[in-house]
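Q: Could you walk me through this structure, one feature at a time?

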Amino acid sequence: MKRVLLAGRMTPALEARLREAYEVTSLADAADPASLVAAHGARFDGLVTSAVYGASAELIAQLPNLKVISSFGVGLDRLDLAAAQARGIVVGYTPDVLNDCVADLAIALMLDVARRVSEADRFVRRGAWAVPGQASFPLGRKVSGAKLGIVGFGRIGQTIAKRALGFEMDIRYHTRRPVAGAAWPHEPSLVELARWADYLIVITAGGAGTRHLVNAEVLDALGPEGFLINVARGSVIDEQALVQALADKRIAGAGLDVFEREPRVPEALFALDNVVLLPHVASGTRETRQAMADRVFDNLAAFFDGRPLPSSALQESP
Ligand code: NAP
Ligand code: 8YV
């Protein structure tokens, strides 16, 4: 039986399925995960990890017989692809199956922060609506027909654009290279896209190549009437600059699913009503998490059966 190491907790159904097919050891069950890897790393043929747990070069080096990594998620910023590739280790991940839910949540965040949904909910719950003489709840901003800039126009960015069409939004996007055949204009300058947009949705890859792509200059270009939504990675935005811009009202508001030091969220944001804060849940529906779990299992099974992986990360890497 193949021996598989789990880098952390997976969904119970995925863990059960893996345990039926393989001899599974989970770092989540280990009293001292570092000692387990140091003492028994040579036992494992496969590693199951996630976009959050990743797989560092150090961990890969401690698993000398590793042949396959199967990751739960599409983001590869915490998985050292170069280290895996150098060893000839095959890497699977879960693109596409989560496009719908991540795009849905990006739109949900945009509507929430613009129409003050969470803020209005807090207003009702604290009884403020029923207070005699209370000023009426402040007006929100219109989303339908507004200008939407999408930063990153891959699988998920393009899925967001299709949804925004339903809101009759005027759409432009920014990437390093224009997308062939895209129906919307490419804006080569992120600062210019931000200056033009009413709403800026960030959905690039994470990692060193996009670190602090959205900086103070981009935020100032978005300006006091503009809203920022981030469903990519916290690292793509200079979080200190964002907190300052929100506190100073140099941008109108933000909807954030991801943060630079998750699960830590800057406390300064808790006091601001023009921000919606989510705990990295963009792919978090039962249907999508099941589809991701199935792809994790299928990638691993395909490798051990000698078949091509349904979703291989290395074929796509530059
Ligand atoms: P994808 O298809 O690979 O698209 C990535 C996009 O980012 C491409 O359009 C790429 O275009 C662009 N990009 C990369 N570097 C850039 C740069 N320096 N400047 C501007 N654009 C850049 O990936 P996807 O499937 O859409 O997923 C995107 C990301 O979403 C994932 O990597 C992950 O981090 C994040 N995500 C988050 C959640 C969540 O729960 N919040 C869930 C799923 C995914 P160019 O290469 O032409 O620049
Ligand atoms: C998940 C993600 O929340 O796919 C990604 O890159 O960030 C999310 O879908 C994550 O993979 C759960 O571990």
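Q: How far is an oxygen atom of ligand 1 from an N or O atom in the side chain of Arg 233?
A: First, some ground rules. This is a predicted model, where local features need pLDDT of at least 70 and side-chain atom pairs count only at pLDDT 80 or more, while totals for chains, interfaces and linings use all residues. Residues are numbered from 1 along each chain as its sequence is written, chains are lettered from A and ligands numbered from 1 in the order in which they are written, and side-chain values use heavy atoms, with hydrogens and water left out. Now, a polar contact is a pair of N or O atoms within 3.5 Å; within protein, one must be able to donate a hydrogen and the other to accept it, and residues adjacent in sequence count only if both atoms are side-chain atoms. Here the Arg 233 side chain puts an N or O atom 3.4 Å from an oxygen atom of ligand 1. Arg 176 has a polar side-chain atom 2.8 Å from a ligand 1 oxygen, and for Phe 153 a polar backbone atom is 2.9 Å from an oxygen of ligand 1. As for cover, ligand 1 has 920 Å² of accessible area on its own, and the protein covers 87% of that (areas come from the Shrake-Rupley method with a 1.4 Å probe; for residues, only the protein chains shown count as cover).

Q: What surrounds ligand 2?
A: Read it the same way. Ligand 2 has 13 residues around it, and the closest are Val 74, Gly 75, Arg 233, His 280 and Ser 283. Its shell has six nonpolar, five polar and two charged residues. A polar side-chain atom of Arg 233 is 2.7 Å from a ligand 2 oxygen, and one from Ser 283 is 2.8 Å from an oxygen of ligand 2. The protein buries 88% of the 330 Å² that ligand 2 exposes when taken alone.

Q: At what angle do H5 and H7 pack?
A: Helices (H or I, at least four residues) and strands (E, at least two) are DSSP runs, numbered from the N terminus. Axes are lines fitted to C-alpha atoms, for helices over the stretch in contact, and angles run from 0 to 180 degrees between N-to-C directions. H5 and H7 (residues 155-166) pack at about 55 degrees, their axes 8 Å apart. Under 35 degrees counts as roughly parallel, over 145 as roughly antiparallel, 65 to 115 as roughly perpendicular and the rest as oblique. So H5 and H7 are oblique to each other.

Q: Which bond joins Glu 262 and Pro 263?
A: A cis peptide bond, with omega about 5 degrees. Pro 263 is in the loop between strand E10 (253-256) and strand E11 (275-277).

Terms used:
Near = heavy atom within 4 Å. Nonpolar A, V, L, I, M, F, W, Y, C, P; charged D, E, K, R; others polar.
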